[in-house]
Amino acid sequence: MPKNKKDDTSDSDSGPDDRNPVKKSKPDTKPAAKASATSSVTNKNGEEEWQLDRMRKVTVSEFRNKIFVNVREYYEKDGQTLPGKKGISLTVPQWKKLLEHQDEINEKIKQF
């Protein structure tokens, strides 16, 4: 059952900006700051990360003996790049399920 805006008391850590409609924007054509999407670097936590664009990265990590694929936005503060609130952590089965649908998703993207 969809939530009413007045009753929306979600515990989401991404804040109220998730409730706004998604704005369509031009694709980011700027090159990635540190690495391309096809190569990885090791971050200060020893995790391998892939840069999607200037402030979005993908990492694979382990938490409580489970492996997660994390897609997260980052921000800069005092010269450091830090993880932001916005992102998603997928379990391995969820990641594989997403990959199973990649052809269908790509076909849908072509329609726009």
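Q: How much space lies in the largest pocket?
A: This is a predicted model, where local features need pLDDT of at least 70, side-chain atom pairs count only at pLDDT 80 or more, and totals for chains, interfaces and linings use all residues. Residues are numbered from 1 along each chain as its sequence is written, and side-chain values use heavy atoms, leaving out hydrogens and water. A pocket is an open set of points on a 1 Å grid over the protein atoms alone, where a 1.4 Å probe fits, with protein on both sides within 12 Å along at least five of seven lines. With grid points joined across faces, edges and corners, and volume taken as the space filled by probe spheres set on the points, the largest pocket holds about 360 Å³.

Q: Which strands each supply at least two residues of its lining?
A: Lining residues have an atom within 4 Å of a point, and strands are DSSP runs (E, at least two residues) numbered from the N terminus. The strands in question are β1 (40-42), β3, β4 and β5.

Q: How many bridges join β4 to β5?
A: Two strands pair if DSSP finds at least two bridges between them. β4 also pairs with β3 (residues 56-63), in the antiparallel sense. Strand β5 (residues 80-91) runs antiparallel to β4, and the bridges joining them number nine.

Q: Which residue in the hairpin of β4 and β5 takes a positive phi?
A: Two residues lie between these strands. The one with a positive phi, near 55 degrees, is aspartate 78.

Q: Which residues line the second largest pocket?
A: This pocket has a volume of about 170 Å³. Its lining residues are Gln102, Ile105, Asn106 and Ile109.

Notes. Helix = DSSP H or I, 4+ residues; strand = E, 2+ residues; numbered from the N terminus.
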